[in-house]
Amino acid sequence: QVQLVESGGGMVQPGGSLRLSCVASGSIASTYIMGWYRQAPGKQRELVAQITSGGATDYDNSVKGRFTISRDNAKNTVYLQMNSLKPDDTAVYYCKLRSLLSLLWYNYWGQGTQVTVSS
């Protein structure tokens, strides 16, 4: 069983920065995709950024140039560095792990961390 625990959320003024962390524990396959999603009130959950086990990254257009996803394999941790934050970035941010095991993909979610951008 895999568990994901996010941290680093909070309230910040527009233009500010936050760094989110997601620590994974348990049995993690060698092939995986870890992603950050967010869900604002009344909206669907959307992909913000993801990183593969091979190191490839992908970003939603709305965060390109402002957010950076990275990982520390030794700590089983994925980070989301968020700069130049805007009020539209306000949401609950979730970490998701897609793990390939025996030709099947397994999905795991963290509990979420609130990010509020407001003056």
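Trainee: Why is arginine 66 called buried?

Mentor: The relative accessible area of arginine 66 is 10%. Buried means under 20% relative accessible area, exposed means over 50%, and partly exposed lies in between, with a 1.4 Å probe and protein chains only. Arginine 66 therefore counts as buried. This is a predicted model, in which local features need pLDDT of at least 70, side-chain atom pairs count only at pLDDT 80 or more, and totals for chains, interfaces and linings use all residues. Residues are numbered from 1 along each chain as its sequence is written, and side-chain values use heavy atoms, with hydrogens and water left out.

Trainee: What makes arginine 66 and aspartate 89 a salt bridge?

Mentor: Their closest N and O atoms are 2.8 Å apart. A salt bridge requires a side-chain nitrogen of Lys or Arg within 4 Å of a carboxyl oxygen of Asp or Glu, so the pair qualifies. Arginine 66 is in the loop between strand S6 (57-59) and S7, and aspartate 89 is in the loop between S8 and S9, 23 residues apart. Helices (H or I, at least four residues) and strands (E, at least two) are DSSP runs, numbered from the N terminus. Aspartate 89 is also buried, because its relative accessible area is 2%.

Trainee: Which residues do salt bridges that share partners join into one network?

Mentor: They are Arg38, Glu46, Arg66 and Asp89. Aspartate 89 also meets arginine 38, at 2.9 Å from N to O, a pair that spans 51 residues and places arginine 38 in strand S4. Arginine 38 in turn forms a salt bridge with glutamate 46, with the closest N and O atoms 2.8 Å apart. The count by this rule comes to three salt bridges. In general, side chains of opposite charge can pair when their charged atoms come close.

Trainee: What makes a set of residues a nonpolar core, and which members touch the most others?

Mentor: A nonpolar core consists of buried Ala, Val, Leu, Ile, Met, Phe, Trp, Tyr and Cys residues joined through side-chain atoms within 4.5 Å. In the largest one, of 29 residues, Leu4, Met34, Trp36, Leu80, Met82 and Tyr93 touch the most other members. Strands that each supply at least two residues include S3 (18-25), S4 (31-39) and S9 (91-101).

Trainee: Which residues does asparagine 76 touch?

Mentor: Leaving aside residues up to four places away in sequence, asparagine 76 touches Cys22, Val23, Ala24 and Ile28, where contact means heavy atoms within 4.5 Å. Asparagine 76 lies in the loop between S7 and S8. At 36% relative accessibility, asparagine 76 is called partly exposed. Its C-alpha atom is 5.5 Å from that of alanine 24, 52 residues away along the chain.

Trainee: Where is serine 102, and why is it called exposed?

Mentor: Serine 102 lies in the loop between S9 and strand S10 (104-109). Its relative accessibility is 65%, so it counts as exposed. Serine 102 has a positive phi of about 50 degrees although it is not a glycine. Leucine 103, found in the loop between S9 and S10, has a phi near 70 degrees, again positive in a residue other than glycine. Leucine 103 is likewise exposed, with a relative accessible area of 79%.
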